[in-house]
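Hi there,

Here is the structure I promised to pass on. My notes on it follow below.

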Amino acid sequence: MTAQLVATRPAVEAGRARPRNFRTPWLYVAPALLLLITFTYVPVGNMLWYSFHKWDGLDPTMDPAGLDNYVRVFTDEQYWRVFLISLYYFAASFAQIAIALYFAVVLSFSVRFRNLFKGILFFPYLLNGVAVGFVFLYLFQPDGTLDTLLRMSGLGGHTQLWLGDPDIANVSLAGTSVWRFTGLNFVLFLGAIQSIPGEIYEAAEIDGANRWHQFRHIIAPGIRRIISLSFILAISGSLSVFEIPFIMTGGANGTRTFVVQAYQTAFQFRQIGLASAMAVVLLLIVLLLTWIQRRVLPDDEVTLS
């Protein structure tokens, strides 16, 4: 009898619920939360505070400005005219999505040198934005690499002031953006396509579906969420372009974007409050456009298997 009680005691203790320590998970996420709050939420809070003041960034005191900075951002034409420059990058983002989607579909199937082409497409995204800006600065400068290649090809008459002519400077900068960011969309699309079960392609081939039918009825619905994400990134990216125009032209010749304008307002003209208001307005516009897109293109569940 005693042996039986001793044998059943571990089973009773094993079945007894152990008290949960709710502090343990927070210990693991505390470093990440600390970094997130310190370098994201605190600066955003400071930005909101600065946007309601007039401050040059050096004076220890700030003068309250109320909504004057926001009124100036919404009423002064020079701060809204630069948004038109974003249309070049917005159109370029559609081009890079189309290029990335095409190569992702092609390289998701068996193709010779597939891994080599994957590396070539993704390599530009690994480069630093400043390095990309200097590389293409030498490419587009007068008598630079591009002009030399055109002359060697017998197209010397088509040489232009690629960064000096306001009519084509933004096209050149947008083309640089396409070259740099196509790799990011390519990797997103490729990963989404490869997550589709291979049995679906085999069943489609048995039914006589060609590559176009597979793309239309299998790939496109299967990666709809990633396509929607790419459009969100395209909208936010086209509105917040900074590195390429700042490095290559400094905003000259009609290439000043909204972020470049905000940077110059803050650090060149010493109007920190006004620049902070511009940043808040940009954030609200991106959030609004993202919300509208999510309403127009809802994130429905997609099931192919």
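What volume does the largest pocket have? The largest pocket has a volume of about 340 Å³. Gln 96, Ser 177, Phe 181, Gly 237 and Ser 238 are the closest to its centre among the 19 residues of its lining. (On a 1 Å grid over the protein atoms alone, a pocket is an open set of points where a 1.4 Å probe fits, with protein on both sides within 12 Å along at least five of seven lines; lining residues have an atom within 4 Å of a point. A volume is the space filled by probe spheres set on the points, which are joined across faces, edges and corners.)

This is a predicted model, in which local features need pLDDT of at least 70 and side-chain atom pairs count only at pLDDT 80 or more, while totals for chains, interfaces and linings use all residues. Residues are numbered from 1 along each chain as its sequence is written, and side-chain values use heavy atoms, with hydrogens and water left out.

The lining of the largest pocket has nine nonpolar, eight polar and two charged residues (Ala, Val, Leu, Ile, Met, Phe, Trp, Tyr, Cys and Pro count as nonpolar, Asp, Glu, Lys and Arg as charged, and the others, Gly among them, as polar).

The second largest pocket comes to about 270 Å³. Ala 262, Tyr 263, Ala 266, Ala 275 and Ala 279 are the closest to its centre, out of 15 lining residues. By class, that lining has 14 nonpolar, one polar and no charged residues.

Happy browsing!
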